[in-house]
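The following explanation is intended to be read beside the sequence and the three-dimensional view. Please keep both at hand.

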Amino acid sequence: MSKMYYRELYCGTPARYWSGLALLGVIIAIGLGAAYYMEHNGHWVTGMTNQIVWGLPHVFAIFLIVAASGALNVASIGSVFGGPLYKPLGRYSGLLAIGLLAGGLMVLVLDLGRPDRLIVAMTEYNFKSIFAWNVILYTGFFAIVGIYLWTMIDRSVNKYNRTVGFAAFFWRIALTTGTGSIFGFLVAREAYDAAVMAPMFVIMSFSYGLAFFIITLIAAYIWGDRELGDFRLTKLKNLLGVFVGAVFYFTLAYHLTNLYITQHHGIERFILLDGGVYTQMFWIGQIFIGSIIPLFLIYSPAFEKSRWAIAAASVAVLIGGFFQIYVIVIGGQAYPMNLFPGKEVVESGFYDGQVMNYVPTLPEAALGVAGIAVALTMVAVGARVFKVFPETLED
Amino acid sequence: MSNKSDQPNMDRRKMIGGAIAATGAMTIAPGVILHAASVSDEASAGADAKHRWGMLIDSNKCADGCSACVDACNTEHGLKGHGRPATDAVWIRPVKLKDKQTGRENRLVMMCQHCEHPPCVDVCPTNASFKRVDGIVLVDRHRCIGCRYCMMACPYKARSFIHEALTEQSVNAPRGKGCVESCTLCVHRVDDGVMQTACQEACSKEGHDAILFGDLNDPNSEISKTLKSTNSVQIRADLELNTGVRYLNL
């Protein structure tokens, strides 16, 4: 195998690069403005209520955080599992992972009721809380992936690459298990009371992270006018197909389990049949756009070598994944908790027994989109400053 | 301009290495300086572990159309609505139920159930949600970061998030925008030795006597005697949270 050279990524003219960065900067500024508006007025200006306590910002944040740990997979395959084709992609994998996590965390923190008390979250830990564990898992992820990148880039510490790679791999599994467990251990809510949430989030991260990776890799090599071989891309594509199938399998296992349990028939009926927007998001968003279309694009012989099909499949995975998290986070809260089994709520001073309506507002969306912009900015700057991308990825 | 040389720039590497080390130290340090002091001990100052405060709600006595307890709670704690019921704070709420099989109707009030094993305390990342040694579950408003995880975890929907700025607060219950709160079991009264909650007082004044507050640990208290001689239930007893609030005739 010929020696691999990495170079800073220059995409076209400086004007193009700087205007791209400026655009991202504007999107981030709008998001920060939206966060200020929501914090200044209080959360009543959002679509969130005392019934739907986690709204669109959480969907964006969880989506980005889950994708972040998945984006690191390519590096793990390269250095932990010894996949030579993946190894040159390791640096970018680490950079993208850090970027996505930073974007997701920014959204999560700015949606807190008291983001100014972040220091409290960093110094006061209740170790029975999965959130507290996540604070440690998320900050640790930055540190470990940072060191991992260092061992990939600096030849003098390259001998530690495999060890650090192992640590990063286990850390990322723990991180997504932690994120999934937020929903797995909520015993009171029927949509969330399922241990399968943790492994399902891990496999979701594989899928979304790889989709993010593929789409941004193709874009970077087009903008940087560099060679990206079909063989390597086909490998990534096939891997994405396996992950999409696995997410589908876990979704099936989750719903079949719930369908067997009489107590959970209500929530299943809500998500699968008569939940209105959530039912549509599940079938059209998650299943059709997020599973069927990408599987068709990936495995249909008609698109075997089509780069556009691979890109489109990745975008479809991301759109479907977003809907999947929306259905889990918002759909699960919209369905009423069953406080009084066997009884019907005739009247209540606090919406007991009612399906809650949630309409996301523009500021919530602006904050969420700013999270994606933060991730892309970090990637754009990181790839320009560091030697992240191989000069060529021809086969 | 672009560095086209293949030689690595060692100065830059050192700078990057230093930056990574500094960032690492900054992220890990807070985790190392852990505050091991038990929060509940600190916050329970004044509370007496001999007691476990609780309530018994008699569903048969809870009168249709009455909102005396809700009004009293709102006045006592300075809870004022902004005309936006979906985001206004609710500490106590009436619920009317109908048995799906028999058609029997019940009315009761729901509030924080002051669990022995409160899920809100389990999930709170910063120990802001805590249980006093006398069983009262509270939120430390100085520690709450407003993550709302407790609201996701509470099986009773007992908690409210403060969605907007507050004015003219009651001295009985300091509150704050961006934090979560719920029924305090009138802890300010308990700590002053007044053994009657605002809701119970109002309910009795109306002549309904549907709410009984007292010490579950004292076998001679009225609440303990009533609990011993009647068939009370906990809401969602299947979760085994051992609630401090019990219900009769449900």
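This is a predicted model: local features need pLDDT of at least 70, side-chain atom pairs count only at pLDDT 80 or more; totals for chains, interfaces and linings use all residues.

Residues are numbered from 1 along each chain as its sequence is written, chains are lettered from A and ligands numbered from 1 in the order in which they are written, and side-chain values use heavy atoms, with hydrogens and water left out.

Helices (H or I, at least four residues) and strands (E, at least two) are DSSP runs, numbered from the N terminus. Axes here are lines fitted to C-alpha atoms, for helices over the stretch in contact, and angles run from 0 to 180 degrees between N-to-C directions. Angles under 35 degrees count as roughly parallel, over 145 as roughly antiparallel, 65 to 115 as roughly perpendicular and the rest as oblique.

The crossing of H4(A) with H6(A) is left-handed; this term applies if the near helix is turned anticlockwise from the far one by less than a right angle, and right-handed applies if clockwise. On the side of H4(A), the residues in contact include A:Gly94, A:Ile98, A:Leu101 and A:Leu105, where contact means heavy atoms within 4.5 Å. H6(A) contributes, among others, A:Tyr138, A:Phe141, A:Val145 and A:Leu149. By class, the contact of H4(A) with H6(A) has 14 nonpolar, 3 polar and 1 charged residues. In this classification Ala, Val, Leu, Ile, Met, Phe, Trp, Tyr, Cys and Pro count as nonpolar, Asp, Glu, Lys and Arg as charged, and the others, Gly among them, as polar.

H4(A) also packs against helix H8 of chain A, residues 197-223, at an angle of about 115° and with the axes 11 Å apart. That angle makes H4(A) roughly perpendicular to H8(A), and the crossing is right-handed. A:Tyr92, A:Ser93, A:Leu96 and A:Leu100 of H4(A) meet A:Phe212, A:Phe213, A:Thr216 and A:Leu217 of H8(A). The residues of this contact divide into 6 nonpolar, 2 polar and no charged.

Helix H4 of chain A also holds A:Leu110. This residue is partly exposed, because its relative accessible area is 21%; buried means under 20%, exposed over 50%, and partly exposed in between (1.4 Å probe, protein chains only). Apart from residues up to four places away in sequence, A:Leu110 touches A:Leu32, A:Ala35, A:Glu39, A:Pro115 and A:Leu367. Its C-alpha atom is separated by 20 Å from that of A:Ser129, 19 residues apart along the chain.

Attention now turns to the contact between the chains. It takes 72 residues from chain B and 71 residues from chain A. The two chains bury about 6,300 Å² between them, 56% of it on carbon and sulfur atoms; buried area is the accessible area (1.4 Å probe) that two parts lose on being put together, summed over both. In chain B, B:Tyr149, B:Met152 and B:Lys157 lose the most area to chain A, together 13% of what that side buries.

At 13% relative accessibility, B:Lys157 counts as buried. Leaving aside neighbours within four places in sequence, B:Lys157 is in contact with A:Gln51, A:Met337, A:Phe350, A:Tyr351, A:Asp352 and B:Arg93.

Chain B as a whole has 8 helices and 9 strands, and buried residues make up 54% of its 250 residues. Among its contacts between residues at least 6 apart in sequence, 62% join residues at least 24 apart.

Two loop residues of chain B complete the account. B:Asn127, between helix H4 (119-123) and strand E4 (129-131) of chain B, has a positive phi near 65° although it is not a glycine, and counts as buried at 16% relative accessibility. B:Glu240, between helix H8 (222-229) and strand E9 (245-248) of chain B, likewise is not a glycine and has a positive phi of about 55°; B:Glu240 is exposed, with a relative accessible area of 64%.
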